[in-house]
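Visitor: Could you please take me closely through the helices of this structure, in particular how they are packed and which residues bring them together?

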Amino acid sequence: HVLDLGPGAGREGGRIVADGPPVEIERAPGSVTGPYLARARREGAAAPLPGTPGPAVEIIGARTHNLRDIEAAIPSGVLTAVTGVSGSGKSSLVFDVLLASAEAGKPVYCSKIGGLERFERIIAVGTEAPAESPLSIPLTYLGLFDGVRSLFAAAPEARARKLTKSHFSFLTREGRCDACGGAGRTTVSLDHLADVSVPCDVCRGARYNPDVLGVRIGGRTIADVLGLTAAEGAGVFSDHPKLAAGISLLNEIGLDYLTLGQPLDTLSAGERQRLKLAAELLHPPAGRVLYLFDEPTSGLHPLDVERLLSLFGRLLAAGHTIVAIEHDLELISRAGHVIDLGPEGGDAGGTIVVQGTPAAVAACPSSYTGAALKGHWSR
């Protein structure tokens with residue numbers, strides 16, 4: 001039995017679109033999940049993401065935790081999926097060996113590593129929060145809030161009130177609500193119970209003082225702007241290319257339901273990774289980059305996985321390289337290269353079962369990932 005909620009996320013969700021056995025979900029006209037269930041019955045592998053395999057990063061003699069003196073090759077210019085059951089050594093290889101060696105500038109937990117000099121930067125995109133403070137929001141993380149504040153500071157009402165750009169920051173004494181310190185919420189201590197966060201009873205969650213909230217652009221206060229979803233914000237700022245481009249990027253990666261002022265410490269692991277990816281795409285570094293991801297599809301709907309793969313395609317088309325620890329069969333099947341660790345976890349893992357294309361992994365009789373890929377392609 002399936003309960004399919006939606007149809008979208010955030011304000012666009014919260015309803016049961018369809019419920020019943022999978023075949024009924026497939027037929028439900030308003031279900032976003034249904035088409036993916038139906039497509040899962042197709043035969044054959046999907047085309048790999050763009051990218052031409054180039055010179056590889058060679059890791060020789062990797063040995064830490066349960067890694068057993070293994071040798072791995074990670075070709076540049078493509079998506080490499082590092083697969084295997086839980087505890088097979090994936091994180092040890094990618095982060096404890098590859099990333100640690102890159103940061104140290106010498107082999108760490110391996111005999112030799114070569115090829116890292118081809119990259120200008122190595123960026124690890126993990127699941128940790130991009131910011132721990134509830135005062136950090138998507139607009140500040142993407143570097144877009146300065147532009148919004150500048151627009152408000154230039155408004156006739158702001159000039160008449162002698163308000164500057166700093167007044168439109170909820171972090172400054174000039175602009176913030178003193179009662180909540182710009183957080184928009186206060187914490188209430190309850191005896192024998194956990195503390196409860198409630199909207200500030202002075203600003204009612206608006207974060208700003210009344211003088212700042214008296215300034216409007218297009219009928220909206222700056223608090224109203226922070227309450228817009230990314231989908232709404234892209235339209236509101238369509239006449240401001242830099243702001244519109246950055247906010248539209250949130251829509252492209254499936255975060256269209258996030259409000260522009262949502263505290264970053266409330267995001268899920270998958271949302272955190274995608275927000276980091278948006279920041280990288282919005283401010284691309286010079287030169288070739290090696291991106292390291294830790295289960296980027298964690299918690300994602302198939303539609304969001306599709307969006308993520310589209311963004312991966314953009315990075316690869318720009319000449320970058322991606323390594324992703326992953327269990328999602330759709331992502332693995334679209335990779336240009338797979339390193340499958342195992343065969344089991346713990347003491348029974350730590351070896352490379354097979355490495356090569358997804359088809360080569362599927363043809364390996366001792367690979368659990370290969371067996372899963374074959375099943376994925378033949379449903």
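Guide: **Buried faces and helix packing**

In helix α15, which spans residues 368–378, the buried residues are T369, G370, L373, H376 and W377 (buried means under 20% relative accessible area, exposed over 50% and partly exposed in between, with a 1.4 Å probe and protein chains only; helices are DSSP runs of H or I with at least four residues, strands runs of E with at least two, numbered from the N terminus). Viewed down the axis of α15, these residues fall within an arc of 120°, so they line one face of the helix (the arc is that of the directions from the helix axis to the C-beta atoms). The cover over them includes β5 (79–83), α13 (329–334), β12 (337–342) and α14 (358–362) (contact means heavy atoms within 4.5 Å).

The model is predicted: local features need pLDDT of at least 70 and side-chain atom pairs count only at pLDDT 80 or more, while totals for chains, interfaces and linings use all residues. Residues are numbered from 1 along each chain as its sequence is written, and side-chain values use heavy atoms, with hydrogens and water left out.

Helix α5 (residues 145–153) has F145, V148, R149, F152 and A153 as its buried residues. Seen down the axis of α5, they lie within an arc of 135°, so they line one face of the helix. Against this set pack α4 (138–141), α6 (156–160), α8 (222–226) and α10 (241–252). The C-alpha atom of P156 is 9.3 Å from that of R216, although the two residues are 60 apart along the chain.

The axes of α10 and α11 come within 10 Å and cross at roughly 140° (axes are lines fitted to C-alpha atoms, for helices over the stretch in contact, and angles run from 0 to 180 degrees between N-to-C directions). α10 is therefore oblique to α11 (under 35 degrees counts as roughly parallel, over 145 as roughly antiparallel, 65 to 115 as roughly perpendicular and the rest as oblique). Here G246, L249 and L250 of α10 meet L275, A278, L281 and L282 of α11. By class, this contact has six nonpolar, one polar and no charged residues (Ala, Val, Leu, Ile, Met, Phe, Trp, Tyr, Cys and Pro count as nonpolar, Asp, Glu, Lys and Arg as charged, and the others, Gly among them, as polar).

With α12, α10 packs at an angle of about 125°, the axes being 10 Å apart. That makes α10 oblique to α12. L249, N251 and E252 of α10 make this contact with R307, L311 and R314 of α12, a set of two nonpolar, one polar and three charged residues.

α11 (residues 269–282) and α12 pack at about 30°, with axes 12 Å apart; the two helices are therefore roughly parallel to each other. R274, L277 and L281 of α11 meet D304, L308, L311, F312 and L315 of α12, and the residues of this contact divide into six nonpolar, no polar and two charged.

Finally, the loop between β10 (289–294) and α12 (302–317) holds T297, which counts as buried because its relative accessibility is 8%. Leaving aside residues up to four places away in sequence, T297 touches V305, L308, E326, D328 and L331.
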